[in-house]
Amino acid sequence: MSIIREQDLIDSVYDALQYIACYHSPDFIKSLHQAYEHESSPAARDALAQILLNSYLCAQDSRPLCQDTGIVVAFVKVGMSVTWDTYRSLQEMIDDGVRRAYRDPDNTLRASIVSDPAGKRRNTGDNSPAVVHVELVPGDKLEISIAAKGGGSENKSHLAMLEPSDDIVEWVLETIPKMGAGWCPPGVLGIGIGGTAEKAVLMAKESLMAPIDIQQLKVRGPANRAEELRLELYDKVNKLGIGAQGLGGLSTVLDVKVVDYPTHATSLPVAIIPNCAATRHIHFTLDGNGPAKLPVPKLEDWPQVALDSASPARRIDLDALKHKDIQQWHPGEKLLLSGKLLTGRDAAHKRIVELMSKGESLPDGVDFTNRFIYYVGPVNPVRDEAVGPAGPTTATRMDRFTDFMLKNTGLLGMIGKAERGEETVASIKQHGSVYLIAVGGAGYLVSKAIKSARVVAFEDLGMEAIYEFIVEDMPVTVAVDSRGESVHLTGPEEWKARISNIPVVTA
């Protein structure tokens with residue numbers, strides 16, 4: 001019989017969340033590096049290099065891999081013979097570990113959780129509560145798989161109640177392109193098949209906790225239908241040509257997980273949940289002998305990847321930029337930005353639109369004339385940082401505000417991640433604006449280019465406040481040019497065609 005002490009569990013949750021915020025797992029790094037070495041698309045290869053370099057820097061400096069440090073999800077298996085040395089609930093103890101991890105002054109993590117989700121959506125301030133799933137199992141141990149799931153990938157989850165005769169592969173291949181690039185590919189797809197609606201979703205989510213092992217499966221061969229589907233989907237999803245960050249390329253997924261469960265004769269529930277380029281999860285066991293002992297990362301385990309300095313990049317002075325200047329930029333072109341940026345996400349955009357619609361002035365310091373807005377919610381700085389990790393958020397969420405902003409504020413352009421909707425691309429073309437992307441999953445690397453940061457408006461919104469950044473050589477790529485051409489359309493189309501022409505090598 002094991003006696004699980006309250007403090008051991010709290011300490012273990014704290015350690016695990018700090019750990020996964022900063023360190024990719026070795027299987028993920030190995031798989032991502034293989035994708036980098038195999039990649040033929042220059043844009044996708046550059047994005048993979050940034051993610052790998054970001055991962056190394058985060059491991060070296062113990063800082064978050066991504067500014068979105070996630071919603072905490074824990075799958076807890078409680079041995080039937082476990083005894084507890086506590087009067088508190090499992091949820092309460094896990095939430096204490098979450099609070100401690102996210103408020104750690106030495107490595108502050110971003111608080112992203114809001115309460116009253118259908119109402120005032122107020123930030124809880126400490127990233128609690130966690131989402132906890134509990135299962136009673138034989139034994140005398142406590143096993144926990146814990147993850148920090150980013151919103152960009154979680155928002156691309158899908159559930160379908162298919163007919164029993166429907167083709168699962170066909171549905172997945174129709175769904176993946178609709179997910180866009182907001183989930184920051186390449187990553188891992190979790191697929192749950194069977195059971196009921198909620199069972200399929202839970203299986204998809206829990207499958208993402210497993211190590212990346214698709215190459216080992218290829219070598220040994222499938223043992224059942226679920227493994228056959230893994231291999232088939234891994235091959236066919238990568239042939240879609242979506243590529244890293246949706247720019248077009250050879251690697252869209254690093255692995256596909258498939259878990260199934262018996263279901264009703266009339267049902268075929270299927271769920272897809274993707275994991276992003278900041279895949280964060282770890283498994284630990286408590287047996288009554290103290291808190292969990294996590295593996296010690298070694299920097300030599302990270303591949304040494306340098307950004308291609310030979311690749312041309314146009315240097316841009318943001319403080320001297322005029323409308324005519326951006327007309328010269330081309331889709332897929334690399335830029336290095338220096339000067340002042342304003343930031344703003346969903347909540348800030350909503351307030352701006354409300355104020356201007358009522359004829360009220362914007363706060364002092366918020367003038368978008370000939371300026372760019374960066375869609376970001378940064379992590380708070382520690383030590384001598386100007387700002388913590390500050391990678392882009394999914395730009396698609398700002399589509400509903402974009403035409404208003406371009407019509408009424410003098411805004412030149414926008415910076416985010418992932419594609420823009422058809423109407424937004426049309427608005428960008430109409431106003432002769434541009435949309436640039438930074439690499440999702442490279443938030444700490446991006447923050448190195450931010451030399452100064454100050455809140456200029458809506459401080460009560462926390463990480464969604466409007467900041468003024470002063471940046472130096474911030475790397476971005478032109479995603480939609482002033483003529484309305486989008487690399488998120490042309491890139492995957494080009495690489496899907498190229499992949500289809502690559503001859504199949506047989507033994």
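1. Two strands are said to pair if DSSP finds at least two bridges between them, and both helices (H or I, at least four residues) and strands (E, at least two) are DSSP runs, numbered from the N terminus. In that sense β16 and strand β17 (residues 434–437) pair in parallel over four bridges, with G413 opposite V434 in β17.

2. A word on the basis of this note: the model is predicted, so that local features need pLDDT of at least 70 and side-chain atom pairs count only at pLDDT 80 or more, while totals for chains, interfaces and linings use all residues. Residues are numbered from 1 along each chain as its sequence is written, and side-chain values use heavy atoms, with hydrogens and water left out.

3. Strand β16 (residues 413–416) also has strand β15 (residues 372–374) as a parallel partner, joined to β16 by three bridges, and here Y374 stands opposite I415. The chain passes from β15 through helix α12 (residues 399–408) to β16 in a right-handed β-α-β crossover, where right-handed means that, with the strands pointing away from the viewer, the path from the first strand over the helix to the second runs clockwise. A right-handed β-α-β unit is likewise made by β16, helix α13 (residues 422–431) and β17.

4. In a regular strand the side chains alternate between the two faces of the sheet. In β16, G413 and I415 point one way and M414 and G416 the other, and all are buried, buried being under 20% relative accessible area, exposed over 50% and partly exposed in between (1.4 Å probe, protein chains only).

5. Elsewhere, four strands form an open sheet of mixed pairing in the order β8-β11-β9-β10. Because β8 (158–162) and β10 (253–261) stand at the edges, each with a single partner strand, one side of each is left without a neighbour in the sheet. Strand β9 (residues 187–194) runs parallel to β10 and is joined to it by eight bridges, and L189 has V256 as its bridge partner in β10.

6. Helix α6 (residues 168–178) packs on this sheet, touching β8, β9 and β11 (268–275), and its direction makes about 40° with that of β11. Contact means heavy atoms within 4.5 Å, and axes are lines fitted to C-alpha atoms, for helices over the stretch in contact, with angles running from 0 to 180 degrees between N-to-C directions.

7. Zero disulfides are found in a search of the whole structure, a disulfide being a pair of cysteine sulfur atoms within 2.5 Å. The sulfur of C66 lies 6.3 Å from the closest cysteine sulfur, in C276, which is too far for a bond.
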